[in-house]
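Visitor: Please take one packing contact and go through it closely. Then set it in the rest of the model.

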Amino acid sequence: MKYFLYKASTFFATIMFISIIIFFIFQVIPGNPAQIILGIDADEQQVIQLEEKLGLNNPPMERYIDWIKGIFQGDLGDSLKYQTPVIEILQDRIPVTLSLAILSILLTVIIGIPLGILIARTDGKWYSVILSTLTQLGIAIPSFWFGFILILLFAVLLKWFPTFGYVPWSEDFVGAFKSFFLPSLAIAVTNIAVVIRYLRNTILDQSKMDYVRTARVKGLSERSIVYGHVLRNALIPVLTIMGMIIADTIGGSIIIENVFALPGLGNLLIQSITSRDFPLIQSLVMYIAILVVVINFIVDLLYRVVDPRIRLKG
Amino acid sequence: MKATWAKGLSYLTLTSILLAGCASNSTKTESESIGTSSGSSIEQSAKSGGVVRFAMATEVDSLDPYQSAATDTSSMMDNVFDGLFDTNEKGELIPNLADSYEISEDGLTYMFQLKEGVKFHDGSDFSAEDVVYSYSKLAGLKTGEPMNSKFAGISSIEVVSDYEVVVSLKEIDSSFIARNIVAIVPSDYEQQSKQPIGAGPFKFKEYKAGQQLVLVKNADYYLEGKTPKVDEVQFKIMPDAQSSILAMQAGEIDVLPGITEQGLMQLGDSVEVVSGPQNMVQLMALNNSFGPLSDIRVRQAINYAIDKDSIIDTVAEGKATKLGSNFSPAMDFYFEEGLENFYETNIEKAKQLMAEAGFADGFDLQLTVPSDYQFHVDTAQMLASQLQQININVKIEPIEFSTWLERVYTNAEYESTVISFTGKLDPFEVVGRFVSDYPKNFVKFDNEKFDSVLDSAVKEKDEKEKANLYKEAQRILTEEAGSVFIMDPDRSIAMANGLTGFKMFPVQKYNLEDLEFTE
Amino acid sequence: MKKNRSIPLYIGITLVVILFIMMITSLFYTPYDPNVMDPQARLSPPSLEHTFGTDNFGRDILSRVMEGSKTAFLIGTLSVTIGLFFGFLIGALAGYFGGWIDEVFMRFIDAMMAFPGILLAIVLVTVFNTGMQNTIIALGIMSIPSFARIVRSGFIQVKEFDFVKASKAKGAGSTRIIFKHILPNIMSSIFVAMTLSFSGSVLAEAGLSYLGLGVQPPDPSWGRMLKEAQPFIASSPMYLLITGGVIMLMVLGFNLLSDGIRDVRDKKA
């Protein structure tokens, strides 16, 4: 319980820091945001009105408090470009990015873990070295470039998947799966490589542990040692990098959504940056950051549930 | 790049011409030709119906025609809204909701004869009231603040009968008639930004931000022979150009407007291409008020040093029309010929002019380009390498388009830039940006003769004479080396095999009603 | 059998050294002027005159790749330096002093880590405008948290070691303890983080360039070249492959290097 309380308090402290960072980053924007937003043909009257609407005339502290209040009341303001409440726009876009993220993490787990085990078990053999070097290419490949290769190969040449677009899950389950598969894979490829590398290292570390030697001495088969003991102990630390993987997945979706024309948060972010839709960008960045923190928080708690040995560390 | 709803017309005179006479002729011939072509294609197993999928790079800025400013948006939504007039492929005005018009002797009042029996998409009847409502809104007659400055010249608008309406202007403006292609919206309907309703050949079905805009056929369209042949048009929002090419290759897109030569090469025979000049002017704008550039000899030297042909070959893959002034031959009626070779590339002469101006050793020149446009960035790189030959040390400074608008276009805080202006049908809108007191004269061109020529052009009633004045203005701009006018890049539209009917207009316009599948 | 485990390290070192030599060479020599255009020789395939072919302006791709390696090393080195400097400062203060200082600094670092790397870079570039300098700053800030965490945990661990406790008891000053005892012990972790952050910056620059927010012309950059090569996938696939290839090789090189260092360290431990 004490642990939970501590974690919860750090959770809120982190979110507070995030909100301060975001708020002040957007204060430094050079020039008059109202002028930038309205563009070339803006008349003085319009600029003044927008300044008021954006609350640019209030002192920063007051604006910050207003913004935070709004967040708690579920009022993120109105998008300047779409002229609708930011919250409505987010509700439209979140399912897309979330589907992309979930599928991508599933792919990471399904491909990364078995491959990591394989590479660790065959450690030292030449094909293991080649395989592990190859998987490292996954980290090295620019994701948008990989996205194009996937489209070219699987959508244009083989026609297994659509090249772009989004089908809601409620409309057509298979269609939705197909439309998310390639972009999810493009994002997952980096994380797969990360998981493999990490898993390989932890498995190798575990194999050197005393209990493994004891088990060998007891005459247990290599197979049952690996799957019965080593793996269980090696997988728990993998959980700790899940938080990082999730953050990367969401970051990756910013670029990949543009490649695959998926109407998610990342696509929205780029659009709102080009149109200088500051209320939208601000809320969007805040939303993504909070999402990452929440997921990390959950991972943390899960970690504790899975491995009760973890004690509160400073 | 900058879009407006006001497009224009060309061949009309200010004296009371009954448009019905000449224009309905032209529509007749047009509908005849459409009739025959569609007739024969029916025999060749044309299939009516079907869904056409467009790839669009940008999002809709507003569904409300009066609030939208983006060219792409207006090209799409133009099919939902009809104006009093429309434009044909030559840039001539053709009747839409109006049959004809008359202009008073003093040139200040316009009487429009409207079509009868037209219905808006919501089923309501179109009448003079709707025109009054629409124009009052644009001109801000009730609020005192015009929604669109192009209509600020309207002093009053009155209903004469159900199908006659009179518009009065504050002063003579030969450009006004061309603006009557603006959308007419049903009176007292305020939901245009959510559920747009017009009288056009297509009805608005749905818009999902970031995904698609869907229009469906208006089976009760009032213009004969113009009822759409396809059932539905979907505009898919695809921000990445390369992805849309791949999508077209995979057969998931039927029309790809604005495709590059490289894209066409990639698609090969799998598509049909419609292409032609787009009435655009790409220029290297020189800030005439900036130090060395205020000397005409330096500006001329720059013009002599630049090899436009090589830029066209490289940046536009040869698919562009070389220009000499701020005007494209796409509007040949007003186009002054022969200016494109006024400054034949000649490095020696350029160096000599630089020396005369006291810049034999050259100078540093900052070239600000909007980084969002690869085409301009590429052009800038070529300009920099060509100007090096006359010792002008060009520093390219790429900035985001939104910053460009503020710094370069609005405040003219720059030395030189590369930009293009999209086609307008009204010649004044094309060359008028160089008038010395025009608020967005960011080139800071200041020439008395030019100003007075354009002033008389606006007031000129005779069409031929008006054209001559605009031609003279173009020549002055070239002789004074106002800037470097580079090219009008061709616009290419790729269409899936079997889809026909797309035409090129001097403005970016999608004539969806003519599209049909033939196989 | 164990020998094979160091093969990735050798590959990594080889790649990094080759690229480094290429960068140094480009300071004195490139086959062609990387900015000279030859409209007659546009998009030519690899040949004897142009080893890697030419781009859409007829510029020699090999020369541009070499020129771009300067940018890649510059971005990598400077952003790692920025990240290391601030990360070290934050991590060291937090780890050394502990208590509420640690608590505040770590929450701040947590908050920074909540921004997926590229997001933070995009936001910073939006605010400070695009260009080489701002890209470097953005990528540098992006890499602060990972350094801070490593340095902090290093400090906490080493602080508990008996020999450190002993010197503290002997009355050695903080600075002395840090440089004499703590630094040597976390050096290899920092080195691993540096190589990873270096390759991360190179990759992030490519992503920013794809979105049009990275290094701007005329500064050459691999990310930008890759974006510019994309439209020519049909007519000049080599252009796309080579630019994508060098980015991959550099990132791979540094990643393998960091793996190798870790393996060597583990063996020692």
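Guide: Helix α2 (residues 61–97) of chain C passes helix α6 (residues 144–160) of chain C in a right-handed crossing. Right-handed means that the near helix is turned clockwise from the far one by less than a right angle, and left-handed means anticlockwise. Helices here are DSSP runs of H or I with at least four residues, and strands are runs of E with at least two, numbered from the N terminus.

This is a predicted model: local features need pLDDT of at least 70, side-chain atom pairs count only at 80 or more, and totals for chains, interfaces and linings use all residues. Residues are numbered from 1 along each chain as written, chains are lettered from A, and ligands are numbered from 1 in written order.

The axes of α2(C) and α6(C) lie 7 Å apart, at an angle of about 35 degrees. Axes are fitted to C-alpha atoms, for helices over the stretch in contact, and angles run from 0 to 180 degrees between N-to-C directions.

Now the residues. From α2(C) come C:G83, C:L84, C:F86, C:G87, C:F88, C:I90, C:G91, C:A92, C:A94, C:G95 and C:Y96. They meet C:I144, C:F147, C:A148, C:R149, C:I150, C:V151, C:R152, C:S153, C:G154, C:F155 and C:I156 in α6(C). Contact means C-beta atoms, placed from the backbone, within 7 Å. By class, this contact of α2(C) with α6(C) has 14 nonpolar, six polar and two charged residues. Nonpolar covers Ala, Val, Leu, Ile, Met, Phe, Trp, Tyr, Cys and Pro; charged covers Asp, Glu, Lys and Arg; the others, Gly among them, are polar.

Helix α6(C) also packs on helix α3 (residues 99–113) of chain C. Here the angle is about 140 degrees and the axes are 9 Å apart. The crossing of α3(C) and α6(C) is left-handed. On the α3(C) side sit C:I109, C:M112 and C:M113. They touch C:I144, C:P145, C:A148 and C:R149 of α6(C). Six residues of the contact of α3(C) with α6(C) are nonpolar, one is charged and none is polar.

How confident is the predictor in chain C? Its mean pLDDT, a per-residue confidence from 0 to 100, is 82, and 94% of its residues reach 70 or more. Among the elements of chain C, α2(C) has the highest mean, 90. The lowest, 70, belongs to helix α7 (residues 162–169) of chain C.

Next, the partners of chain C. Towards chain A, 36 residues of chain C are in contact with 36 residues of chain A. On the chain C side, the elements that give two or more residues are α1 (7–28), α3, α4 (117–128), α8 (174–210) and α10 (237–268). That side has 24 nonpolar, seven polar and five charged residues. Towards chain B, 19 residues of chain C contact 20 residues of chain B. The chain C side here has ten nonpolar, eight polar and one charged residues. For the complex, the predictor gives an ipTM of 0.77 and a pTM of 0.77.

Chain A has twelve helices and zero strands. Of its 314 residues, 43% are buried. Buried means 20 or more other C-beta atoms, placed from the backbone, within 10 Å of the residue's own; exposed means 12 or fewer, and partly exposed lies in between. Of the contacts in chain A with a separation of 6 or more, 70% join residues 24 or more positions apart.

Chain B averages a pLDDT of 84, with 91% of the residues at 70 or above. Confidence in chain B is lowest in helix α1 (residues 19–43), at a mean of 34, and highest in helix α6 (residues 296–305), at 94. Residues 1–45 of chain B have a pLDDT below 50. Beyond near neighbours in sequence, that stretch has 86 contacts in the model.

Helix α6(B) is mostly covered, with eight of its ten residues buried. Among them are B:V298, B:I302 and B:Y304. Their cover includes β13 (281–286), α8 (347–356), α9 (374–387) and β18 (484–496) of chain B.

Two backbone points in chain B remain. B:A412 is not a glycine, yet its phi is positive, near 50 degrees. B:A412 is in the loop between α10 (401–410) and β17 (416–421) of chain B. It counts as partly exposed because it has 18 C-beta neighbours inside 10 Å. B:K444, also no glycine, has a positive phi of about 60 degrees. B:K444 lies in the loop between α11 (427–431) and α12 (448–459) of chain B. With 17 C-beta neighbours inside 10 Å, B:K444 counts as partly exposed.

Definitions and conventions: Contact = placed C-beta atoms within 7 Å.
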